[in-house]
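Here are a few notes to read alongside the model.

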Amino acid sequence: MRIKHFIYDSFNNPWLDGGQASRTHEIYRRLNNNNEITVYSGRYPYSPKEKKLENIRYKFLGWPSSNFILNKISFSLESMNYSNDCDLLVKDVSAFSPFFPKKTDIPTVCSICNIYENHALAYGPVGIIAKFYEKIYPKFYDNYIVVSEDIKNKICQVRKGKKTNIKVIPNGVDKTLLNLKRSEKDYILYIGRLDIYQKGLDVLIDAFAKIKDKTDLNLIIIGDGLQKYKLEKMIKQMKLEQRIRMVGRMNGDKKLSFISNSMFLCCPSRFEGDPIVSLESFACGKPIIASSAITNASSERSIILKNLNSNNLAKKILLLSENKKLRKKLGDSARTFARQLTWDKIALNQQIFYEQIIKY
């Protein structure tokens, strides 16, 4: 099976390098050797034109501009020239990474990991266009892979009864995480892109300011993004430099070490899909404090914030940090849940769905 997968994000992309890029790589590296896989991603400054990682060939399209918006537009335009000569097209679509539809007889799957809805408007004028696009692109695709039931329901609402072949295939974790030893040090974690609005980092920083005199806990922030310096300024203004440490982007064993030695993770997103980082936390036997936007969280393995505000989050941080028995109970349940969602199982489900699309 010759697969061409179009996704703007990729490893080392200075603006993103997020969960969608990780998901794409983790699934395709596990597909059998009978597949010829090419992933097309957006070029960024100093990116190569092409590289190969394991069994996946990556090609980078568009202008290597330092302007984020122009970079995305050029990727979308150039990708139209490569949508041929394969057995299956897969397009990772989001409101802020649009594709310009091109009529083709090649079976096509639309992959969706997030839906913005009104949250798009928080990003200024470009958000108006993004929200409009989010209502348009489902009209051009019949086959979908989505990461949650919530996204499935929203796509079906937009499709308004049109015949839709849609499969929920959530994100996963590497099975090696399930056997990592866990311990606890005096810190809690945030891991993810430094997008203050989406990830609720303003709420997290404000909540931590409210409890700094009530606990010896520290907060470690792992991640990078366009709003790094704005976040640093926020931390400095609240005089939290000695209690909050930003360590930048991190992957592999270093990141896993931080997770397995933390007390728990905080995921106060205003909107989200099916975040990989929460699954990684679960696999390491660590609970999370999560907003209701985190679809893979539940009261069996998480503390859920029904109302996302700093006062509520501050109370939950103190509650979980002061109750070791509760942390262990939630962490044990979290690890059991994660055993169902290894990347090996996820990749097999995706392979089967691809084969069904091609067959019919």
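Where is the place of Phe 100? It is in the loop between strand S5 (88–92) and strand S6 (108–112), helices and strands being DSSP runs (H or I, at least four residues, for helices; E, at least two, for strands) numbered from the N terminus.

Before going on, please keep in mind that this is a predicted model, in which local features need pLDDT of at least 70 and side-chain atom pairs count only at pLDDT 80 or more, while totals for chains, interfaces and linings use all residues. Residues are numbered from 1 along each chain as its sequence is written, and side-chain values use heavy atoms, leaving out hydrogens and water.

1. **The nonpolar patch.** Phe 100 is partly exposed, at a relative accessible area of 35% (buried is under 20%, exposed over 50%, partly exposed in between, with a 1.4 Å probe and protein chains only). Together with Ile 69, Ile 73, Leu 77 and Val 126, Phe 100 forms a nonpolar patch on the surface, with about 380 Å² of accessible area in total. Areas come from the Shrake-Rupley method with a 1.4 Å probe, and for residues only the protein chains shown count as cover. Patch residues have over 30% relative accessible area and no salt bridge; like charges are joined within 9 Å, and nonpolar side chains (Val, Leu, Ile, Met, Phe, Trp, Tyr) within 5 Å. Helix H2 (residues 68–79) gives the most to this patch, with three residues.

2. **Helix H12.** Among the buried residues of H12 are Trp 343, Phe 353 and Tyr 354. The buried residues of H12 fall within an arc of 165° seen down the axis, so they line one face of the helix (the arc is that of the directions from the helix axis to the C-beta atoms). Leu 348 and Lys 359 are exposed on the face turned away from that buried side.

3. **Two buried loop residues.** Asn 114, in the loop between S6 and helix H3 (125–136), is buried at a relative accessible area of 12%. Its contacts (heavy atoms within 4.5 Å) include Glu 134, Gln 198 and Phe 271, leaving aside residues up to four places away in sequence. Ala 297 sits in the loop between strand S13 (288–291) and strand S14 (302–305) and is buried as well, at 14%.

4. **Salt bridges.** There are 21 salt bridges in the structure, each a side-chain nitrogen of Lys or Arg within 4 Å of a carboxyl oxygen of Asp or Glu. One of them joins Glu 184 and Arg 327 (2.8 Å, N to O). Glu 184 lies in the loop between strand S8 (165–168) and strand S9 (187–191) and Arg 327 in helix H11 (residues 324–338), so this pair ties together parts 143 residues apart in sequence. Glu 184 is partly exposed, at 35%, whereas Arg 327 is buried, at 5%.

5. **One more pair.** Glu 280 and Lys 255 also form a salt bridge, with their closest N and O atoms 2.9 Å apart. Glu 280 lies in helix H9 and Lys 255 in helix H8 (residues 252–260), so the pair ties together parts 25 residues apart in sequence. Glu 280 counts as buried at 14% relative accessibility, and Lys 255 is buried at 11%.
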